[in-house]
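Subject: Handing over the structure

Hi there,

Here is the structure I promised to pass on to you. Have a look at it first, and then read on for what turned up in it.

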Amino acid sequence: MDNVFETGKSSCEIIKDKLRQHFDGKIVRKDLTKKIKEGANVPIYVLEFLLGQYCSSDDDEVIKQGVQNVKRILADNFVRPDEAQKILSRLRSRGSHTVIDMITVNLNMRDNIYQADFSNLGIRGIPIADEYPEKYDRLLCGGIWCIVQLSYEYIEEEKKNGTPIRITKLTPIQMPHIDIEDLKQGRQAFTKEEWLEVMLRSIGMEPDELSYREKWLLLTRMLPLVENNFNFCELGPRSTGKSHLYKEISPNSILVS
């Protein structure tokens with residue numbers, strides 16, 4: 001409360017200023033996520049990466065333009081499994097195309113090369129430069145969502161052994177690795193109560209509407225995401241959000257119904 005009195009700002013504004021100062025480029029407006037999510041069948045963490053790139057501003061005009069850019073990128077580049085052949089046809093006719101897809105990389109020991117598999121696009125064994133799996137090792141551990149520039153060049157002499165598709169550039173959408181020291185350093189600028197609000201808003205909850213006990217109950221639900229061998233049982237009727245958190249908050253959690 002002292003901070004509010006001294007600066008004339010609400011606690012919400014103080015937290016927002018601190019986030020801008022210490023985690024710029026890693027924060028998004030959840031209302032924008034919800035607005036676009038309703039019309040796009042895309043994981044929330046993919047949306048939030050794009051919003052963080054194009055809507056990291058307090059200027060309404062910049063945000064409006066950024067939202068339009070995100071919608072356009074999703075419409076042009078996000079691969080739906082039922083449209084995979086249409087995307088491949090477009091790649092063939094244009095010679096190049098950029099896609100958003102889940103990429104998994106494997107080491108082909110016979111040929112001593114890395115090869116990428118595209119989940120939604122449905123293509124496998126696409127050669128990929130060593131620098132990508134070496135730099136983003138999570139490509140080798142179940143895969144991550146990426147923005148990938150592809151090229152298409154059919155060469156008659158290589159038709160038996162190769163593929164005409166090549167990866168020109170790959171940019172991870174999910175965080176390929178987490179700098180825990182950077183996170184700890186930024187965390188030091190927040191009080192315990194402020195960080196509690198940050199964590200709750202990160203999962204789409206508004207802490208101002210919750211009691212202190214309710215805030216901690218919601219955080220308790222996330223213990224299985226950070227604690228090894230932690231057994232947790234949730235009881236409740238259908239459609240009350242028991243599975244929603246685990247399904248949407250992280251690409252690393254696997255929900256078995």
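Asn229 is found in the loop between H11 and helix H12 (244-248); helices here are DSSP runs of H or I with at least four residues, strands are runs of E with at least two, and both are numbered from the N terminus. Although Asn229 is not a glycine, its phi is positive, at about 50°. Asn229 is also exposed, with a relative accessible area of 80% (buried means under 20%, exposed over 50%, and partly exposed in between, using a 1.4 Å probe and protein chains only).

Please keep in mind that this is a predicted model: local features need pLDDT of at least 70, side-chain atom pairs count only at pLDDT 80 or more, and totals for chains, interfaces and linings use all residues. Residues are numbered from 1 along each chain as its sequence is written, and side-chain values use heavy atoms, with hydrogens and water left out.

Another non-glycine residue with a positive phi is Asn112, at about 60°. Asn112 sits in the loop between strand S1 (96-108) and strand S2 (113-118) and is exposed, at 61% relative accessible area. In the numbering, Asp111 and Arg110 come up here too, as their side chains meet in a salt bridge (3.6 Å, N to O). A salt bridge here is a side-chain nitrogen of Lys or Arg within 4 Å of a carboxyl oxygen of Asp or Glu. Asp111 counts as partly exposed at 40% relative accessibility, while Arg110 counts as exposed at 74%.

How many salt bridges does the structure hold? There are 11. One of them joins the side chains of Lys18 and Glu194, at 2.8 Å from N to O. This pair links distant parts of the chain, with Lys18 in helix H2 and Glu194 in helix H9 (residues 192-202), 176 residues apart. Lys18 is buried, with a relative accessible area of 18%, and Glu194 counts as buried at 10%.

Ile14 also lies in helix H2 (residues 11-22). Ile14 counts as buried, at 10% relative accessibility.

Lys18 has a second contact to look at: its charged end sits over the ring of Phe190, 5.8 Å from the ring centre. The rule for this is that NZ of Lys or CZ of Arg lies within 6 Å of the ring centre and within 35 degrees of the ring normal. Phe190 in turn forms one aromatic cluster with Phe23 and Trp195.

Elsewhere, salt bridges that share partners join Arg80, Asp82, Glu83 and Lys86 into one network.

Now for the rings. A search of the whole structure finds 6 aromatic pairs; rings of Phe, Tyr and Trp (its six-membered ring) pair if their centres lie within 6.5 Å, and planes under 30 degrees apart count as stacked, over 60 as edge-to-face and the rest as tilted. Why is the pair of Phe78 and Trp145 stacked? Their ring centres are 5.8 Å apart and their planes are at 20°, so the pair is stacked. Phe78 is in the loop between helix H5 (60-77) and helix H6 (84-94), and Trp145 is in strand S4 (residues 144-152), 67 residues apart, so this pair links distant parts of the chain. Phe78 is buried, with a relative accessible area of 12%, and Trp145 counts as buried at 7%.

Finally, the cysteines. The count comes to 0 disulfides, taking a disulfide as a pair of cysteine sulfur atoms within 2.5 Å. Is Cys141 buried or exposed? Cys141 is exposed, with a relative accessible area of 61%, whereas Cys146 counts as buried at 0%.

Happy exploring!
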